[in-house]
Amino acid sequence: MASAVLKVAVAGLSRCSRLTLMRAHSTTTPLHQGVPGSLWKIGRLNHIAIAVPDMEKATALYRDVLGATVSAKVPLPEHGVYTVFVELGNTKLELLHPLGEKSPIAGFLQKNKSGGMHHICIEVDDINAAIVDLKAKNIRTLSAEPRIGAHGKPVMFLHPKDCDGVLVELEEA
């Protein structure tokens, strides 16, 4: 009934008015109409990770010069890194420094002597569902299974070649 009333109302409008009304109506229709609902949801940006050649110097920059709250340096041997988190209010920076000779950050710093952005971390509500869905969409992961990350939650890294050149870490919220 409402559809018929809308058609009659639209028929009496000028072409310009009809286009405006159609645009206004179409913006209320979900963009994913006809696509099955996802079993997982993407969340907020959790952190941006920065590889640093000198952890003490980088920590001092954010704490002493910029006035941010920073965490203690924490070793994560299973990931081959030391981490320091810089609190920014709405997100965090994760400072990464190599731990051990096989650290992926050591290789990154060999190519980028001054350091630089290493990855972004995005929260998801169900990491296992996200991994299954993303693999079905031909997004490669860097490990077979999620591992426990710096926040004590499951994480998975997505291949940068499948993510527009960005190393993306998913973390279960």
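The largest pocket of this predicted model has a volume of about 420 Å³. A pocket here is an open set of points on a 1 Å grid over the protein atoms alone, where a 1.4 Å probe fits, with protein on both sides within 12 Å along at least five of seven lines. Grid points are joined across faces, edges and corners, and the volume is the space filled by probe spheres set on the points. The model is predicted, so that local features need pLDDT of at least 70 and side-chain atom pairs count only at pLDDT 80 or more, while totals for chains, interfaces and linings use all residues. Residues are numbered from 1 along each chain as its sequence is written, and side-chain values use heavy atoms, with hydrogens and water left out.

The lining of the largest pocket consists of 25 residues, where a lining residue has an atom within 4 Å of a point. H79, P104, H118, R147 and F157 lie nearest the centre of the pocket. Two or more lining residues come from each of β4 (81-87), β5 (92-98), α4 (104-111), β6 (116-124), β8 (154-158) and β9 (168-172). Helices (H or I, at least four residues) and strands (E, at least two) are DSSP runs, numbered from the N terminus. Strand β8 gives three residues, the largest share of the lining. By class, the lining has 13 nonpolar, seven polar and five charged residues. Ala, Val, Leu, Ile, Met, Phe, Trp, Tyr, Cys and Pro count as nonpolar, Asp, Glu, Lys and Arg as charged, and the others, Gly among them, as polar.

The protein has five helices and nine strands, which follow the pattern α-α-β-α-β-β-β-β-α-β-α-β-β-β along the sequence. Of its 173 residues, 35% count as buried; buried means under 20% relative accessible area, exposed over 50%, and partly exposed in between (1.4 Å probe, protein chains only). Among contacts (heavy atoms within 4.5 Å) with a separation of 6 or more, 53% join residues 24 or more positions apart.

In soluble globular proteins, nonpolar side chains tend to be buried together. A nonpolar core is a set of buried Ala, Val, Leu, Ile, Met, Phe, Trp, Tyr and Cys residues joined through side-chain atoms within 4.5 Å. The largest such core has 14 residues, and those with the most contacts inside it are W40, V124, I127, L134, L158, V168 and L170. Two or more of the core residues come from each of β6, α5 (127-136), β8 and β9, with the largest share, five residues, from α5. Not counting residues up to four places away in sequence, L134 touches W40, I139, L158 and L170. A second, separate core of eleven residues includes I50, A58, V84 and L95.

Helix α5 has I127, A129, A130, I131 and L134 as its buried residues, and what covers them includes β6, β8 and β9. At the N-terminal end, D126 caps α5 through a side-chain oxygen 3.2 Å from the backbone nitrogen of N128. Polar contacts are pairs of N or O atoms within 3.5 Å; within protein, one must be able to donate a hydrogen and the other to accept it, and residues adjacent in sequence count only if both atoms are side-chain atoms. After α5 comes N138, with a positive phi near 65°. N138 lies in the loop between α5 and β7 (147-148) and is exposed, with a relative accessible area of 64%.

The loop between β8 and β9 holds H159 and D164. H159 is buried at a relative accessible area of 18%, and its side chain reaches the backbone nitrogen of K161 at 3.0 Å. Apart from neighbours within four places in sequence, H159 is in contact with R140, T141 and L142. D164 counts as exposed at 82% relative accessibility and has a positive phi near 55° in a residue other than glycine.

T91, in the loop between β4 and β5, is buried with a relative accessible area of 12%. The side chain of T91 reaches the backbone oxygen of L45 at 3.3 Å. Leaving aside neighbours within four places in sequence, T91 is in contact with R44, L45, N46, H47 and V86. In strand β5 itself, P98 counts as buried at 18% relative accessibility. P98 touches V52, G80, V81, Y82, S103, I105, A106 and L109, not counting residues up to four places away in sequence. The C-alpha atoms of P98 and A51 are 8.4 Å apart in space, although 47 residues separate them in sequence.
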